[in-house]
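Welcome! Please take a moment to look over the sequence and the model below, and then we can walk through a few of its features together.

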Amino acid sequence: MKYIVSILFTVMTNAAAQLMLKQGMMSLGPISFEGSNPLLKLLQIVFSPWVFLGLCTFVISMAAHIYVLSKVELSFAYPFLSLAYVAVAIFAYFIFREDLNGWRIAGIAFICVGTVLIAQSGRDVGSRGHDEGTASLSSDKIHSGIVR
């Protein structure tokens, strides 16, 4: 549970990246590759300010997620990323005036309940009940083709 702040940082940077990408695509308008070089069009999209900032924010989010994965179990950390959907839905409602109807609110509630249940089960990597050398030993066996 002591890594919740790092996990939530990952979630919020992931959500922020999505919002930046949406802003970027709204400023560019609908994409069409007709009559243009697809590579040049892709570069134009990637290097537009909001899209580029969103992609950079994704890199920060992934770096934070890698840090988190070095500290907690994947089955604990990964489900928290569903909270990014919650944040995106709420912020998209206020920023982009996207629909937030009863079905979406119910889905968000289920996501939040599920995340709370997962959070209650959280453990650090070092507190799994077996020594930390087991993970690297298993990894060595997998890489050498010996899976037992």
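What covers the buried residues of H6? The cover includes helix H4 (74–77) and helix H5 (83–95). Before going further, note that this is a predicted model, in which local features need pLDDT of at least 70 and side-chain atom pairs count only at pLDDT 80 or more, while totals for chains, interfaces and linings use all residues. Residues are numbered from 1 along each chain as its sequence is written, and side-chain values use heavy atoms, leaving out hydrogens and water.

**Helix H6**

Helices here are DSSP runs of H or I with at least four residues, numbered from the N terminus. H6 spans residues 102–120, and its 19 residues reach 27 Å from the first C-alpha to the last, close to the 27 Å expected at 1.5 Å a residue; the expected span is 1.5 Å times one less than the number of residues. Ile108, Thr115 and Ala119 are buried in H6. Buried means under 20% relative accessible area, exposed over 50%, and partly exposed in between, with a 1.4 Å probe and protein chains only. Seen down the axis of H6, the buried residues fall within an arc of 40 degrees, so they line one face of the helix; the arc is that of the directions from the helix axis to the C-beta atoms. The face turned away from this buried side carries exposed residues, including Trp103, Phe110 and Leu117. At the N-terminal end, Asn101 caps H6, with a side-chain oxygen 3.1 Å from the backbone nitrogen of Trp103.

**The cores**

A nonpolar core is a set of buried Ala, Val, Leu, Ile, Met, Phe, Trp, Tyr and Cys residues joined through side-chain atoms within 4.5 Å. The largest one has 17 residues, and Ile7, Val72, Phe76 and Phe80 have the most contacts inside it. Helix H1 (4–28), H4, H5 and H6 each give two or more residues to this core, and H5 gives the most, with five. Apart from it lies another core of five residues, among them Ala17 and Phe58.

**Aromatic pairs**

Searching the whole structure finds three aromatic pairs. Rings of Phe, Tyr and Trp (its six-membered ring) pair if their centres lie within 6.5 Å; planes under 30 degrees apart count as stacked, over 60 as edge-to-face and the rest as tilted. Here are two of the pairs:

| Pair | Centres apart | Plane angle | Kind |
|---|---|---|---|
| Phe47 and Phe52 | 5.6 Å | 25 degrees | stacked |
| Phe76 and Phe80 | 5.2 Å | 65 degrees | edge-to-face |

Phe47 is exposed at 55% relative accessible area, and Phe52 is partly exposed at 38%. Phe76 is buried at 3%, as is Phe80 at 4%.

Technical notes:
Contact means heavy atoms within 4.5 Å. A polar contact is a pair of N or O atoms within 3.5 Å; within protein, one must be able to donate a hydrogen and the other to accept it, and residues adjacent in sequence count only if both atoms are side-chain atoms.
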